[in-house]
Amino acid sequence: MRFWGCSRARIWGRCWSGFDRDGSPWIASPHFRSMIGSMSFGNFLVRSLHGGAITAVDAHSDRSFARHAHDEFGVGLVTGGAQRSWSGRGAVEAARGELITVNPGEVHDGMPIGEERSWSMLYIQAPLICEIMADLTEGRTANRELHRPVVADRALTRRFVRARRAALRADPARDLDEELLALFGGLIGTPPPSASGVDRRILRIREAIDDDPAAQHGLSAMAAHVGLSRFQTLRAFSRLTGLTPHAYTMQRRLDLARRLIRRETPLAEAAIEAGFADQSHMHRGFVARYGYTPGQYARAHRIRAAISYKSGAIFSH
């Protein structure tokens, strides 16, 4: 079958991957520029790699995403256009050729500047990055954050391209560890901001939600528990996390649902266990925050192979 003038394998393996064969962003390729007129927006490619330790997402979309978070470290490259987003460091903008980063649990959103943008992300499970951080600090700490949500550094961009190429190999062997060490060694160079002045009572509320996101966390009950008014609780919690308590609870439920889905829990069961009223509520949360459905996420992690989807239609390899 031919698709946009290429075989599916070629589209999803090269043209749509976001990079040319030499590793340069595909937006710079004359071949891509000749294709883009016939490309429909809202296209994603999700690949689960190396036992689920890394998820690769390549996308071209005009979609705006609601505030959300991931339970993995995320590093990616804007391969076309530009986007504006809210991050843990405030509002930022990223253009073609710039790296974007996100920490586990860091609230962010995203919207195109102009009609659409394209990007390529690697989402990496925290235990793998903690091992890398421990190596980089010679064992002093395994807990470090990425403190630059947008990085304009050509050397680091080349490191990302090499790390992505290694991750996409069926047998990355030693070079994936080496490339990730080189990439994250360059990304953690900025010291963390001060965490002083955070109200411990608000931290207790966040910890309660983190400990049991499926439970009911009403604003009135939480405020009464820590001795604050509802408005004080809402304002302080939003300042700390970037989300209202309800939105933060929904995000943590999505995190739990994703973990359950990666363990091949049936979708309806995962929705209930994660605290959603039903599967349709979980479905809406996925699409609003990630752009793909729970079913698409499940298939990517179940078969451990590349899948593509366009407006909900799955194209199997």
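This is a predicted model: local features need pLDDT of at least 70, side-chain atom pairs count only at pLDDT 80 or more; totals for chains, interfaces and linings use all residues.
Reader: In which order do the 4 strands of the open sheet stand?
Author: The pairing in this open sheet is antiparallel. Strand 5 (65-68) and strand 8 stand at the edges, each with a single partner strand, so one side of each lacks a neighbour in the sheet. From one strand to the next, the twist averages 20°. The order is 5-10-7-8.

Reader: How many bridges pair strand 7 with strand 8?
Author: Strand 7 covers residues 82-87 and strand 8 covers residues 90-95. They form a hairpin with 2 residues between them. Trp86 stands opposite Ala91 of strand 8. The antiparallel pairing runs over 6 bridges.

Reader: Which residue of strand 10 is the bridge partner of Gln83?
Author: Strand 7 also pairs with strand 10 (residues 108-112). The two run antiparallel, joined by 2 bridges. In strand 10, the partner of Gln83 is Pro112.

Reader: What is the phi of His50, and where does His50 lie?
Author: Most residues other than glycine have a negative phi. His50 is not a glycine, yet its phi is positive, at about 55°. His50 is partly exposed, with a relative accessible area of 29%. It lies in the loop between strand 3 (43-49) and strand 4 (54-61).

Reader: Is Glu264 buried or exposed?
Author: Glu264 is found in the loop between helix 9 (245-262) and helix 10 (267-273). Its phi is positive, near 70°, though the residue is other than glycine. The cut-off for exposed is over 50% relative accessible area. Glu264 has 54%, so the residue is exposed.

Technical notes: Residues are numbered from 1 along each chain as its sequence is written. Side-chain values use heavy atoms; hydrogens and water are left out. Two strands pair if DSSP finds at least two bridges between them. Axes are lines fitted to C-alpha atoms, for helices over the stretch in contact, and angles run from 0 to 180 degrees between N-to-C directions. Buried means under 20% relative accessible area, exposed over 50%, partly exposed in between (1.4 Å probe, protein chains only).
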